[in-house]
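Before reading on, please take a moment to look over the sequence and the fold shown below, and keep both in view as the report moves from the whole chain to its parts.

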Amino acid sequence: MAFSFNFDIPLQADETNDKAKEVDLKSSECSATVSEKIKDAVEHQPLLDPLSQIENWVPETITIGALPPLLCLNESVFERTASEREDSEEILAKTLTQNSDLISGVYEGGLKIWECTYDLLEYIDDEGETFAGKRVLDLGCGAGLLGILALKRGATKVDFQDYNSTVIEQLTVPNVFLNCEEGDEEEEKKSSPPSKRKALNASDKLVDCCGFFSGDWNSFLRFMQKKAPLPKYDIIFTSETIYNTDYYSSLHNVFSDLLDENGIVYLATKSHYFGVGGGLHLFEKFVEQNNVFQIRYLKDVEQGLKRHIVSLTFKK
């Protein structure tokens, strides 16, 4: 898969090296940069049948090892029909006109399923992990595949968060709905009329078991902190989210405030994001200096750009 990034101030190679040397990895100095691009958090209420509002959608099935099949909207068809979709943020048009998979502070790449998401799915398959009774956050969810897998494997609550509301409304919610419908096939056989009953079951599951949020991570955290009690997650999934060092502070804050004391973060990432400046080495240094979490390497992927699966748990 090709990668194209569009940032307001592109970094040259020398600037990237300087940035790596000069980045102060303490939370306070990173926050000032991030706060300049505030995108207020919104909690999205899914429609009874989200797919009824989308024209020309085509489902595809992703199958990995022994994992349950994951349904999602076909990426190519979604891209070709972008002009037909509701998009108050106008990110669909901007990504096409600028030929970019990421526009910093405008669109953070949620419409693509990036390689590291597949890496993490494969790791879960290898480990045979299930999520019965777990509370899960899919942070920077995009298509929502990691959260959907948790839902299919027994999680009691799964929240999905992405920077862009268009991603949540046009991609994440429909994907989750597709998989909730697929899980109700046996119920459909008993119901009358079956298709209506199936949609109602899927909609009930969306409301009862899932939450959908958009906005930047600082705003998202403030939004969640207003809930009583404060949500705490047993598992936080996040994939391809450490490409920009300016976001490390807000990401770390979400982890430290919303992860249960015995919880675990699964992070899938590339070693380095060329032209952007972030990567695992810088994030690991950031985490070490904040002295809150312990990082453990779980899996290395050598194909193409080097990639990793790591976990974060609270230091005891």
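The model is a predicted one, and its secondary structure comes to 12 helices and 12 strands. Of the 316 residues of the protein, 54% count as buried. Among contacts between residues at least 6 apart in sequence, 72% join residues that are at least 24 apart.

**The sheet and a strand pair**

Eight strands form an open sheet with mixed pairing, in the order S2-S8-S7-S6-S9-S10-S12-S11. Strand S2 (42-44) and strand S11 (293-301) stand at its edges, and because each has a single partner strand, one side of each is left without a neighbour in the sheet. On average, and with direction ignored, neighbouring strands of this sheet are turned by 20° against each other. Within the sheet, strand S9 (residues 233-239) runs parallel to strand S10 (residues 259-270), and six bridges join the two; Ile236, for example, has Val265 in S10 as its bridge partner. Helix H6 (residues 145-152) packs on the sheet, where it touches strand S6 (135-139), strand S7 (157-162), S8 and S9, and the direction of H6 makes about 175° with that of S7.

Strand S3 (residues 59-62) and strand S4 pair in the antiparallel sense over four bridges, and Pro59 stands opposite Leu73 in S4. Along strand S4 (residues 70-73), Leu70 and Cys72 point one way while Leu71 and Leu73 point the other way, and all of these residues are buried.

Is helix H11 largely enclosed or largely open? Eight of its 11 residues are buried, so H11 is largely enclosed by the rest of the structure. The buried residues of H11 are Tyr248, Ser249, Ser250, Leu251, His252, Val254, Phe255 and Leu258.

| Helix pair | Distance between axes | Angle |
|---|---|---|
| H10 and H11 | 8 Å | about 20° |
| H11 and H12 | within 11 Å | roughly 55° |

With an angle of about 20°, H10 and H11 are therefore roughly parallel to each other, and their crossing is left-handed. In this contact, Trp217, Asn218, Phe220, Leu221, Met224 and Gln225 of H10 meet Ser250, Leu251, Asn253, Val254, Asp257 and Leu258 of H11. These residues divide into seven nonpolar, four polar and one charged.

The axes of H11 (residues 248-258) and H12 cross at roughly 55°, which makes H11 oblique to H12, and here the crossing is right-handed. H11 contributes Tyr248, Ser249, Leu251, His252 and Phe255 to the contact, and H12 contributes Leu282, Phe283, Phe286, Val287 and Asn290. By class, this contact has seven nonpolar, three polar and no charged residues.

In H12 (residues 280-290), the buried residues are Leu280, Leu282, Phe283, Glu284, Phe286, Val287 and Asn290. An α-helix has 3.6 residues a turn, so residues three or four places apart point the same way. After H12 comes Asn291, whose phi is positive, near 60°.

**A residue in a loop**

Where does Asp216 lie? Asp216 is in the loop between strand S8 (210-214) and helix H10 (217-225). Asp216 has a relative accessible area of 6% and is therefore buried. From C-alpha to C-alpha, Asp216 and Ser250 are 8.5 Å apart in space, although 34 residues separate them in sequence.

Notes:
Residues numbered from 1 in each chain as written. Predicted model: local features only at pLDDT ≥ 70, side-chain atom pairs only at ≥ 80, totals over all residues. Heavy atoms only, no water. Buried < 20%, exposed > 50% of the residue type's maximum accessible area, 1.4 Å probe, protein only. Pairing = 2+ DSSP bridges. Axes fitted to C-alpha atoms, helices over the stretch in contact; angles between N-to-C directions. Parallel < 35°, antiparallel > 145°, perpendicular 65-115°, else oblique. Left-handed = near helix turned anticlockwise from the far one by under 90°. Contact = heavy atoms within 4.5 Å. Nonpolar A, V, L, I, M, F, W, Y, C, P; charged D, E, K, R; others polar.
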